[in-house]
Amino acid sequence: MKIIVVDDEKIVLDSCRKVLTSEGFDVEIISSSDEALKKLKIEEPVLLIIDVKMPGHDGIYLLKEVRKITKSLPVIVMSGYHTKETINESTRFGASIFLYKPFTPEELIAAIYKVIKKEENK
Amino acid sequence: MRKFLSMISSTHFKLVISLLGISFLVGGISIIIGGHLLYKAVLKEATDRIRLDLNAAHGVYNTQIKYVKGALNITTLGEGFRNSLFKNNIPDLLDRLNRLAQNAEIDFAGIVGSDGSVLCRIGPNSIPEDKRKYENPIVMYAIKNEQQIAGTVVLSEKLLKIENPELANKIRLPQQNVQKETEPIAGLAIAAAMPIFENRNSGKLYGVIYGGILLNQSTSIVDAVRKTLFLDDMQQGQSTLTATIFYKDIRIATNLFNPNGKRAIGTIVSPEVKQRVLLDGKYCTIQDFIVSDRYIAGYDPIEDIEGKRVGIIGVGVIESNYSNVRYKFIFIVVIITFIGIISAVVIGYILGHRILDPLNRLIKASQEVSAGNLTPDIGTLSHDREIRFLQKTFKDMFESLKQQRAESENQLVQSEKLASIGRLAAGVAHEINNPLTGVLTYTHMLLRRKDLDQEIRSDLQVVIESTERVRKIVKGLLDFSRQTELDLEPIDLNRLVKSTIALIENQALLKGIQIDFNPASELPMVTLDRSQMNSVLLNIIINAIDATETGGHIDILTTVELSTDDAAQKGVKIVIADTGSGIPPENLDKLFDPFFTTKEVGKGTGLGLSVSYGIVKRHGGLIRVQSEVGKGTKFLIWLPIEKKMEVINENYSS
């Protein structure tokens with residue numbers, strides 16, 4: 001079960017990889033939206049975790065592009081600073097959960113299982 | 001030019017002009033109406049006086065007739081006269097007649113027999129050879145009626161020539177009017193005749209004595225009239241009154257002078273007077289140009305002994321005597337008007353300064369205020385009640401402007417402070433949250449290892465707690481930075497309060513604190529941002545719980561209340577009162593400042609109340625605190641009902 005995490009911050013990427021790996025997931029970390037899009041054309045992860053605020057194309061852009069490729073891919077949007085608009089946009093383009101940074105490993109894992117369970121229930 | 005224009009448009013100038021206008025108006029009307037009325041009154045007075053004068057003149061004339069008659073009477077009274085007459089002693093009779101003529105200034109006198117033949121007469125032809133019947137009308141009248149007679153008679157030139165050629169010359173007019181040639185000129189005389197009987201007043205008529213004064217060119221009567229009536233004027237060297245005797249319409253005796261200084265004998269009266277007086281026999285007054293001047297004149301007819309109108313007696317006064325009064329009046333009014341004008345200018349100028357100086361001062365003060373100086377000099381208070389009131393009103397206005405500005409400056413500082421903290425918070429949050437994720441993740445992951453010493457484990461626990469604290473602070477900062485956005489919807493405030501209480505009630509009960517909610521019935525819906533208002537309530541209730549000891553209670557109530565600023569603005573009020581420790585007065589002011597907290601380090605961020613304050617403000621509401629140390633604290637939140645509806649509509653339309 002592959003999960004792709006997109007963030008420009010190495011510490012966040014490393015944290016996510018550490019937590020998810022410990023939970024037994026296959027994790028791929030990517031540091032920009034453009035790279036992530038390239039990757040998504042060749043891979044089919046079970047979950048995509050994206051940061052909102054990134055240099056170049058931001059997470060919301062990435063989310064919109066992803067939705068052009070697949071409607072069904074579950075996405076968790078995370079952010080350390082967000083406005084109402086970013087939350088609204090995320091919801092509109094089918095993000096399953098908005099995760100506030102900072103988060104503990106437990107919170108991240110809980111969010112992931114919540115999304116995956118939702119998918120399984122469908 | 002511009003200076004001139006601004007001068008004439010100034011209130012000061014208008015004031016002076018208005019007063020001037022009033023002066024001119026009053027002066028002008030006085031001259032026109034007053035002058036006219038005065039002239040009328042004077043004219044009436046003059047006309048009345050002329051009438052009296054004319055009567056008096058007529059009286060003088062009649063007195064003269066009586067005088068002639070009396071003189072004749074005296075002559076006949078003595079026995080000597082009768083003896084001489086009966087004895088036909090002509091020289092003695094002539095002597096008596098001459099004495100009579102001399103003493104009484106009689107122009108002609110004579111004695112005729114009962115048949116009318118002349119016995120003797122004064123003058124050159126004293127004892128006529130020609131004893132022909134003498135046809136002097138007064139003599140004829142006396143013989144015919146055998147009674148004495150006195151009055152006015154007309155004597156033809158022929159008769160006068162017989163009587164005395166000198167008298168005949170007198171009737172020749174110096175400037176005889178050519179048009180009058182058709183009518184033979186004759187003499188007008190006042191005369192008397194007295195029949196003499198054999199036995200005093202009875203018996204056979206023996207003869208008639210007669211005598212008279214020729215009026216033509218006589219000055220005696222006219223000057224006597226003037227003397228009698230206008231003595232004062234004479235003394236002052238003026239000769240304003242004229243008296244005139246006319247034969248028919250021709251002046252024969254007058255003290256009216258023509259322009260070359262001669263008596264205006266021979267001139268004629270106006271046709272109008274001739275018609276009214278001579279032909280109609282009526283009294284008349286006129287204002288007319290006579291010979292050389294304008295006169296106010298009165299005329300009376302003169303009748304002869306047979307009752308025929310033979311002449312006119314008239315008096316006149318120069319009109320300018322009276323019209324001068326009008327000019328004097330106009331002169332005085334002009335002077336008064338002029339004084340009025342000067343007063344108007346002076347009073348206008350003074351009044352203008354008194355009224356306008358403080359006003360100009362106020363205008364200048366207003367300009368200063370709009371330029372930013374809120375403490376302008378409005379000058380000393382005026383003595384005028386209205387102006388003083390105006391000055392005071394301005395002063396109050398400036399004062400309240402000053403206060404308002406101070407307030408808004410305060411608010412501006414406050415919101416600037418909030419905004420910059422907000423920006424800072426956003427930046428900090430963004431930068432800190434990523435590393436915090438790392439810290440939290442790695443410490444948690446470390447803790448999962450089973451091989452750790454208890455000591456390391458508890459150290460890691462400290463790291464986690466500290467990080468949680470940082471997380472809380474950053475979250476507070478983020479909330480703080482995000483308070484500009486309101487997601488408004490109509491909300492039942494009672495329900496919102498209830499759900500907020502439900503969230504926190506367990507925590508309160510655990511501490512042994514009772515929360516009572518007393519909702520207002522029929523509370524209107526309020527448009528609010530649900531989650532923000534929720535956090536406000538939560539924040540205040542948590543503060544209340546923290547401040548209250550076990551056994552205390554928190555009372556919450558909602559009511560409908562009008563705004564304290566604007567009575568028309570309806571709103572709702574939420575009161576959250578606790579029985580806690582209370583807030584010392586010195587802290588009340590700082591309560592809503594960001595980062596102000598009285599909680600132990602680590603327990604509060606100091607942002608909660610300042611965030612709440614911002615949220616309530618943004619809703620157009622007010623948040624106030626009443627507190628007493630040891631007794632408790634009361635938070636009052638007021639939120640408007642209607643005002644926010646407009647904002648919502650705006651949101652929908654945009």
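Which strands of chain A does helix H1 (residues 10-22) lie across? I began my notebook with this question, working from a predicted model.

**Entry 1. Chain A, helices over the sheet**

I found that H1(A) lies across strand S1 (2-6), S2 and S3 of chain A. Its direction is at about 175° to S2(A). I then looked up helix H3 (residues 59-69) of chain A, which lies across S1, S3, S4 and S5 of chain A. H3(A) runs at about 150° to S3(A).

**Entry 2. Chain A, the sheet itself**

I noted the strand order of the open sheet in chain A as S2-S1-S3-S4-S5, with parallel pairing among the five strands. Strand S2 (26-30) and strand S5 (95-100) of chain A are the edge strands, each pairing on one side only. From one strand to the next, the twist averages 20°.

I examined one pair in detail. Strand S3 (residues 47-51) and strand S4 (residues 75-79) of chain A run parallel and are joined by four bridges. Within this pair, I recorded Ile76(A) in S4(A) as the bridge partner of Ile49(A).

**Entry 3. Chain A as a whole**

I counted five helices and five strands in chain A. Along the sequence they follow the pattern β-α-β-α-β-α-β-α-β-α. Of the 122 residues in chain A, 39% are buried. I also looked at contacts in chain A between residues at least 6 apart in sequence, and 57% of these join residues at least 24 apart.

**Entry 4. Where the chains meet**

How many residues of chain B are in contact with chain A? I recorded 18 residues of chain B, in contact with 16 residues of chain A. On the chain B side, helix H12 (385-447) and helix H13 (454-481) each supply at least two residues. H12(B) gives the largest share, 14 residues. By class, I listed eight nonpolar, seven polar and three charged residues on this side of chain B.

**Entry 5. Antiparallel strands in chain B**

I turned to strand S9 (residues 293-303) of chain B, which is mostly covered, with eight of its eleven residues buried. Strand S8 (residues 284-290) of chain B pairs with S9(B) in the antiparallel sense over seven bridges. In this pairing, Ile286(B) has Ala297(B) in S9(B) as its bridge partner. The hairpin of S8(B) and S9(B) has two residues between the strands, and Val291(B) there takes a positive phi near 60°.

I next followed S9(B) to strand S10 (residues 309-318) of chain B, with which S9(B) pairs in the antiparallel sense over nine bridges. Asp300(B) has Ile313(B) in S10(B) as its bridge partner, and Glu303(B) stands opposite Arg309(B) in S10(B). Five residues lie between S9(B) and S10(B) in their hairpin, and Gly307(B) in the turn has a positive phi of about 85°.

Is S10(B) largely enclosed or open? I noted that nine of its ten residues are buried, so S10(B) is largely enclosed by the rest of the structure. S10(B) is also joined by seven bridges to strand S6 (residues 241-247) of chain B, the two running antiparallel. There, Thr242(B) stands opposite Gly316(B) in S10(B).

**Entry 6. Arg121 of chain B**

I located Arg121(B) in strand S2 (residues 118-121) of chain B. Why does Arg121(B) count as buried? I found 26 other C-beta atoms within 10 Å of Arg121(B), and a residue is buried because 20 or more lie within that distance. Leaving aside its neighbours within four places in sequence, I listed its contacts as Ala109(B), Gly110(B), Ser126(B) and Glu163(B). Gly110(B) is eleven residues from Arg121(B) along the chain, yet their C-alpha atoms are separated by 3.9 Å.

**Entry 7. Helix H14 of chain B**

I checked the span of helix H14 (residues 493-511) of chain B. At 1.5 Å a residue, its 19 residues should span 27 Å, and the end C-alpha atoms are 26 Å apart, which agrees. I also recorded a kink of about 45° in H14(B), centred on Ile504(B).

The buried residues of H14(B) are Leu493(B), Val497(B), Thr500(B) and Ala508(B). Among the elements that cover them I noted strand S11 (488-491), strand S12 (514-518) and helix H15 (530-547) of chain B. After H14(B) comes Gly512(B), with a positive phi near 80°.

Note on methods:
Residues are numbered from 1 along each chain as its sequence is written. Chains are lettered from A and ligands numbered from 1 in the order in which they are written. This is a predicted model: local features need pLDDT of at least 70, side-chain atom pairs count only at pLDDT 80 or more; totals for chains, interfaces and linings use all residues. A residue is buried if 20 or more other C-beta atoms lie within 10 Å of its own, exposed if 12 or fewer, and partly exposed in between; C-beta atoms are placed from the backbone. Two strands pair if DSSP finds at least two bridges between them. Axes are lines fitted to C-alpha atoms, for helices over the stretch in contact, and angles run from 0 to 180 degrees between N-to-C directions. Two residues are in contact if their C-beta atoms, placed from the backbone, lie within 7 Å. Ala, Val, Leu, Ile, Met, Phe, Trp, Tyr, Cys and Pro count as nonpolar, Asp, Glu, Lys and Arg as charged, and the others, Gly among them, as polar. The expected span of a helix is 1.5 Å times one less than its number of residues. The bend at a residue is the angle between axes fitted to the seven residues ending there and the seven starting there.
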